[in-house]
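Okay, thanks everyone, let's get going.

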Amino acid sequence: MEEPLVPLVPMSHTAHIRSHRKPRRNASSLAMRAGVAGGVLSTLAVAGAAGSANAAEPVTQTLELPTLTADLAAQVAQSADATQQAAADYELQAERDAAAAKAAKQAKADLADAKKKAEAKKKAEAARKAAAAEAVSRSSARTVLSAGASTSTNVAAPSSGSVATVVAFLKAQVGDAYVMGGTGPNAWDCSGLVQAAFKQVGVDLPRVSQDQSTSGTPVSLSNLQVGDILYWGSAGSAYHVGVYIGDGQYLDAANPSKGVVIQDLSGYPATGAVRVL
């Protein structure tokens, strides 16, 4: 038996290819998907707002922290400056107090030294007046004794009292300063001191050592007497003078480092000597 024939329908040449057109979605599916998307977006918006709020708070704190730190640093700096200034003020005051104490001590010492020198000069002046009175008395007596033997009057030689006055004056100046060209009352050079000492008994000596070395009568160093003028260098060109005070010692205005002192003649032997008393 023969099978029946099936009619053939012509097919399109693209019938075997699947269609690229997206299937149509119905309205309910689209609404559901829109609702889900809206919910997700709402959740993200809320989370974003919360995150922004949470992130803003640390920013505010971070901005305030440097301000607090700067204020604290300024206070620490001010405190350090105040402490340093107080220390400097304390040190300055301590220095001032020390200087004032030193000045007061020095003033006290100077006053005591001045009183000592004044007392010594007072005693020397008293001795000078006593010696002068004794010299006048002896001179008057000698003049009366010689009046009948001669019509001329001879001036009496200076007595030992005059020498004592010279030595007393010189010793009263011990400790005074040496100053070139000094003539007293508190600073001397060598010839200025010798001139002032002999002026106490009315003997006028030249001002400089060169001339003083040729005044009076030359004497040998082995025959010295108290009150003789010692000189160093050649007679007439001596560079230093002093006065012999006995016991191998002499008194002079030595130099700027020593001032007026008593020294041993053996330590600095003189060249020569002259006697004016």
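First, the housekeeping. This is a predicted model, so to speak of local features we need pLDDT of at least 70, side-chain atom pairs count only at pLDDT 80 or more, and totals for chains, interfaces and linings use all residues. Residues are numbered from 1 along each chain as its sequence is written, and side-chain values use heavy atoms, with hydrogens and water left out.

The chain has four helices and eight strands, and from the N terminus they run α-α-β-β-α-α-β-β-β-β-β-β. Those are DSSP runs, numbered from the N terminus: H or I over at least four residues for helices, E over at least two for strands. Of the 277 residues in the chain, 24% are buried; buried is under 20% relative accessible area, exposed is over 50%, and partly exposed is in between, with a 1.4 Å probe and protein chains only. A contact, for us, is heavy atoms within 4.5 Å. Take the contacts between residues at least 6 apart in sequence, and 54% of them join residues at least 24 apart.

Now the sheet. Six strands make an open sheet in the order β3-β8-β4-β5-β6-β7, with antiparallel pairing. Two strands pair if DSSP finds at least two bridges between them. At the edges sit β3 (217–219) and β7 (260–264), each pairing on one side only. Ignoring direction, neighbouring strands here are turned by 35 degrees against each other on average.

Tyr231 is opposite Val241 in β5, and its bridge partner in β8 is Gly272. Leu230, meanwhile, has Gly242 as its bridge partner in β5. So which way do the side chains of β4 point? Ile229 and Tyr231 go one way, Leu230 and Trp232 the other, and all are buried.

Lying across β4, β5, β6 and β7 is helix α3 (190–199), which runs at about 45 degrees to β5. That angle is between N-to-C directions on a scale from 0 to 180 degrees, using lines fitted to C-alpha atoms, for helices over the stretch in contact.

On to the cores. A nonpolar core is a set of buried Ala, Val, Leu, Ile, Met, Phe, Trp, Tyr and Cys residues joined through side-chain atoms within 4.5 Å. The largest one has 25 residues, and those with the most contacts inside it are Leu170, Trp188, Leu193, Val194, Phe198 and Ile229. α3 gives the largest share of this core, six residues. There's also a second, separate core of nine residues, including Val219, Leu230, Tyr244 and Ala273. Back to Phe198: leaving out residues up to four places away in sequence, its contacts include Val166, Leu205, Ile229 and Val243.

Last, two backbone details. Most residues other than glycine have a negative phi, and most peptide bonds are trans. Gly184 and Pro185, though, are joined by a cis peptide bond, omega about 0 degrees, and Pro185 lies in the loop between β1 (177–178) and β2 (187–188). Asp247 has a positive phi, near 60 degrees. Where is Asp247? In the loop between β5 (240–246) and β6 (249–253), and it's exposed, at 77% relative accessible area.
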